[in-house]
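Please look over the sequence and the model before reading on.

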Amino acid sequence: MIPLQDHPLRYALTNELHARPFPSLEAPCEAVYLAIKQPIDAANRDRGADRAHLLALLDRHGAVHPQPEATHFSSTLGRHDLKWESHTEFVTYSAFSSGLAERAFDPALAEVFPAAWLAEAPGKRLAAVTIRVEFLPEDPAEINARLDQWFVPESLACATIIEGAAVVAGDFRIDAAGQMRFAVFVKPGTGARRVGRIVQRLCEVETYRAMSMLGLGRARELTARLNALDPQLSSLVVGMTDEARLSEETLHALLAVSAELEGLAMQHSFRFGATGAYEAIVLQRIEVLRETRFEGRQTFGEFFMRRYDPAMRTVKSAERRLVQMAERATRAGELLRTRVDVERSAQNQRVLESMDRRADLQLRLQHTVEGLSVVAISYYAVSLASYLVLPFAEAAHLQKSLVTALLVPLVVGAVWLMVRRIRKAMH
């Protein structure tokens, strides 16, 4: 039997299910996370530059290199475990270390990524997170005391997650060192993989939140431009009913507005689509934490509902408004083109009527000319016939005037018949 052939993508697609595994972390520990993105056209960036930047960091510690086409990689940098991932628009670096520093959220933790190395990054810093993982105290008052010391109370989000396995907290503010802080308190005996999943999801929440909110800046810029185009479009639509205004001029102006709206849609379609995808990931990551309220504090879901959801609704509103204005301009353009076509048809009808009148006039003139031509031809024909008949008339003693008078009706009739026959043959 001929063996059944595998689809060429079978193994690649299966391996994708196991790509980017969660880290395995033993509490207590600390994590430093960094996401780098090029500001413009990041999806089409030079990924070789990302790889070169990673290799520069690995070479500082003499670590091994990843495969040429790798999209994720793990290694060891001194006392830190490094995890690198390449995504559609950004790359991430995660460094994990065992134990806790004496000073909570010490800025020195971020020095695992040297400043000189960061300065050569092929992009800009999108997210920077420091996560402190320690054991869950038995007394909740101890947690509250630490949270009040570490975070800004009015923006603090804190929740018990995964059926009480851990308490997570963060205020989503950037500290003086440029880092965002999260604290994780895990129950003793919590598995290392579960701790790793919690840390990874907190990093993902912050990264995808930042990525999705890039659409907010675009939405605000777009809204300002739409605010300027909306009155123009409305004026052109209203002007369509003005008979004194030339339809073709209105159509050209309307096409210019429609073309700009289509251009704006092309410029913003990728970012708005990406924003929707990143928003879905953020909400899904929060959902899988399975939050319950801790000591009456707001949960992550409540924090995002109050501050994040309005931003996403603004982006969606700008996207819908752009689509609606483009559709409105298209409908108005179709109506105006119909009006222009009707006006042109009326003009063509008038031109045809004018041509008919001119043709009729020409026909009448032709008939008149034909009548005159019969008279002229008959005049010369009578003269010639007279020269032919007069000798015979003199022999018969007939008067010249009488002979001429008799010839006139005969010649005129003959000429008329001849002209009519010629005209009939031509038609």
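## Pockets, cavity and strands

At least two residues of the lining of the largest pocket come from each of β5 (124–135), α5 (192–239) and α6 (247–288). Helices (H or I, at least four residues) and strands (E, at least two) are DSSP runs, numbered from the N terminus. The model is predicted: local features need pLDDT of at least 70, side-chain atom pairs count only at pLDDT 80 or more, and totals for chains, interfaces and linings use all residues. Residues are numbered from 1 along each chain as its sequence is written, and side-chain values use heavy atoms, with hydrogens and water left out.

**Open spaces.** The search runs on a 1 Å grid over the protein atoms alone. A pocket is an open set of points with protein on both sides within 12 Å along at least five of seven lines. A cavity is a set of points where a 1.4 Å probe fits but cannot get out. Lining residues have an atom within 4 Å of a point. Grid points are joined across faces, edges and corners, and a volume is the space filled by probe spheres set on the points.

The largest pocket has 16 lining residues. Nearest its centre lie K37, P39, I40, R218 and R271. The second largest pocket holds about 240 Å³ of space. It is also lined by 16 residues, and F22, Q200, E204, Y208 and R285 are the closest to its centre. Here β3, β4, α5 and α6 each give two or more residues to the lining. The largest share, five residues, comes from α5.

The table sets out volumes and lining classes. Ala, Val, Leu, Ile, Met, Phe, Trp, Tyr, Cys and Pro count as nonpolar, Asp, Glu, Lys and Arg as charged, and the others, Gly among them, as polar.

| Space | Volume | Lining by class |
|---|---|---|
| Largest pocket | about 350 Å³ | seven nonpolar, two polar, seven charged residues |
| Second largest pocket | about 240 Å³ | five nonpolar, five polar, six charged residues |
| Largest cavity | about 40 Å³ | three nonpolar, two polar, three charged residues |

The structure holds one cavity of 30 Å³ or more. Which residues line the largest cavity? They are F105, D106, P107, T130, D175, A177, Q179 and R181.

**The strands.** Two strands pair if DSSP finds at least two bridges between them. Strand β2 (residues 72–77) and β3 pair in the antiparallel sense over six bridges. In this pairing, H72 stands opposite E85 in β3. The two strands form a hairpin with two residues between them. G78 in that turn has a positive phi of about 65°.

β3 also pairs with strand β4 (residues 90–98), again antiparallel, over six bridges. D81 stands opposite F96 in β4, and S86 stands opposite V91.

Strand β1 (residues 29–37) runs antiparallel to β4, and nine bridges join them. I36 of that pairing stands opposite V91 in β4.

**Burial.** Are β3 and β4 mostly covered or mostly open? Buried means under 20% relative accessible area, exposed over 50%, and partly exposed in between (1.4 Å probe, protein chains only). Strand β3 (residues 80–86) is mostly covered, with six of its seven residues buried. β4 is mostly covered too: eight of its nine residues are buried.
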